[in-house]
Amino acid sequence: MHNDKHKAHSILSLTVQLGKSILLLRTYCTKCFKAPKPLYGDGGRRAKASTSIIVFYGLSEMLEVRINELAEEFGVHRNTIRNWIKAGILPAQKGPGRRYLLKWADYVALCERFGKRPRRLPETAKEEESKKSPYRLLPPSTPLYPDPSWADICLTCGACASACPISGVDGLDPRKVVRMAALGMDEELINSDWAWKCSLCAKCEESCPMKVEIVQLICRIRSLRPRDKIPGPLVRGITTCLEKGNNLGIPKEDFLALLKYLARELAEECPGFEVPIDVHGARLLVTINSKEPFAEPESLKYWWKIFYAVKESWTISSEYWEGVNWGFFSGNEEAMRAIVGRLVDNLHRLNCEALLLPESGHAYLATRLVLEQWFPEALNKFKIYSVFDLLMEYLNKGLLVLDAKRHPGLTTYHDSCNYGRRSLKILGRGYFEEGRIITQLCCPDFVDMQPNRNGNYCCGAGGGAWSSPYKAERIFHGRIKARQIKETQAKRVIVTCHQCRDQIKFFLNKEYELGVEVKYLWELVADSLVFDPS
Ligand code: SF4
Ligand code: SF4
């Protein structure tokens, strides 16, 4: 594109580098250096390798070039260009990446020596765009680039990469993810397994001085992966849950038979105990993580014992009792909504007053988020408890009597990322103190890990990493958690999430020789209970 007078001439662009952005200032005819065109920016996207970029460094016009481009342009070997630079025949200095900075006058002199015309710049389409909308940044053009706050404000400082426990594993690095999104490299990001090796712990975000929404970006990358390419059993779990009511497809009859069997066992310790199934008008509707009836049914008794001791009015629904929500891991909002919708239906059907949210970090956050977004009337009508809320309410009402002598020895507490850091950011309230208060009532010999609370490190199994096929990465991720635990010299770790518990108890314990006992918070309370069965 050129004006009439200079139709036959080439065009070059003058740009200025602002941080990582190349801002196109003006376009000029290469012959006469006249005919300036209107101004516009290129949205931080670099020109393609085939186009030249002229940058003002100080007061000089400099051309950014690669050795191989110059060699090709002038028909000489790359080493010849290098030798010219070394010998000072071609004055050039090292620039960004593998580029060199060459004075425009030197470049033109080189062209004259080889009888070549200087390069033609810039792309005509951009010039047309510039006429329509001076100064306008080019619009976001990819699904991963819907909001400039995700990437354009990134300083490339690397704080996120330093904080991320799996930075460097298989090339994963949150800073790189942010830059690739900014550069429109959606396909590479979606096809990469990075998003699935990340535990969505938000440690990177917590360190980011610019508050770039790194986890939101990674969740979006996950959500754009075709369903049949999602690694591990996540999709199978969601499909099974939608079809059969729980992630593991446990049939209703088997579930009910198991509950009755466990209730008979507990009745030996708690006379008259029965599991209340589908009790209309019960105060509290309790959800269940399907992993418990499937893999560790004994753990169901912890809550039951507490309910027995405080004489709670509670019930379990015979259908759609699943508390976890794997839609959260794959960005499947429809599934998330369907699963939580069933819990809300149960609340209405059984005429309960309150819901005990699942005792798992992601499940709590996912359920609460869906309630806020799609079922606000349920939030108004029903009281919603997290495990912390319910235990603290019992304690504050004086319903729980705990024996602090049953758990001697130094004990520490692991902050779940979802209950803590992520809930604080997303819901405006993170659970940090409640777990510590309850733990110390049962284990007075207490020590905190460093760092803790909002700055805590992930166990490595969150965000669906527990269910992913990347076991080695997950265990490696947990090495900082293992070091934190070791440094406390504690003999016991209290956790509030199933995935944290299994990762620390079965994997970090073994891999890093921790030798610690790992207990759920409600298990600790159940084991510390003092109550009169009569
Ligand atoms: S910490 Fe934030 S600003 Fe720094 S590189 Fe990471 S995303 Fe960019
Ligand atoms: S693992 Fe945690 S720190 Fe690393 S990228 Fe994922 S959310 Fe960020």
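This briefing covers a helix pair, a sheet and a ligand shell. The model is predicted: local features need pLDDT of at least 70, side-chain atom pairs count only at pLDDT 80 or more, and totals for chains, interfaces and linings use all residues. Residues are numbered from 1 along each chain as its sequence is written, while chains are lettered from A and ligands numbered from 1 in the order in which they are written. Helices (H or I, at least four residues) and strands (E, at least two) are DSSP runs, numbered from the N terminus.

**Helix pair**
- The axes of H21 (residues 433-442) and H25 (residues 521-528) come within 10 Å and cross at roughly 30 degrees; axes are lines fitted to C-alpha atoms over the stretch in contact, and angles run from 0 to 180 degrees between N-to-C directions.
- H21 and H25 are therefore roughly parallel to each other (angles under 35 degrees).
- Gly435, Ile438, Thr439 and Cys442 in H21 meet Leu521, Leu524, Val525 and Ser528 in H25 (C-beta atoms, placed from the backbone, within 7 Å).

**Sheet**
- Four strands form an open sheet in the order S8-S7-S9-S10, with parallel pairing (at least two DSSP bridges between two strands).
- S8 (314-315) and S10 (383-385) are the edge strands, each pairing on one side only.
- Three bridges join S9 (residues 354-356) and S10 in the parallel sense, and Ala354 stands opposite Lys383 in S10.

**Ligand 2**
- Ligand 2 is surrounded by 13 residues, the closest being Cys164, Cys198, Cys201, Lys203 and Cys204 (C-beta atom, placed from the backbone, within 6 Å).
- H9 (203-207) and H10 (214-224) each supply at least two residues of this shell.

Key. Parallel < 35°, antiparallel > 145°, perpendicular 65-115°, else oblique. Contact = placed C-beta atoms within 7 Å.
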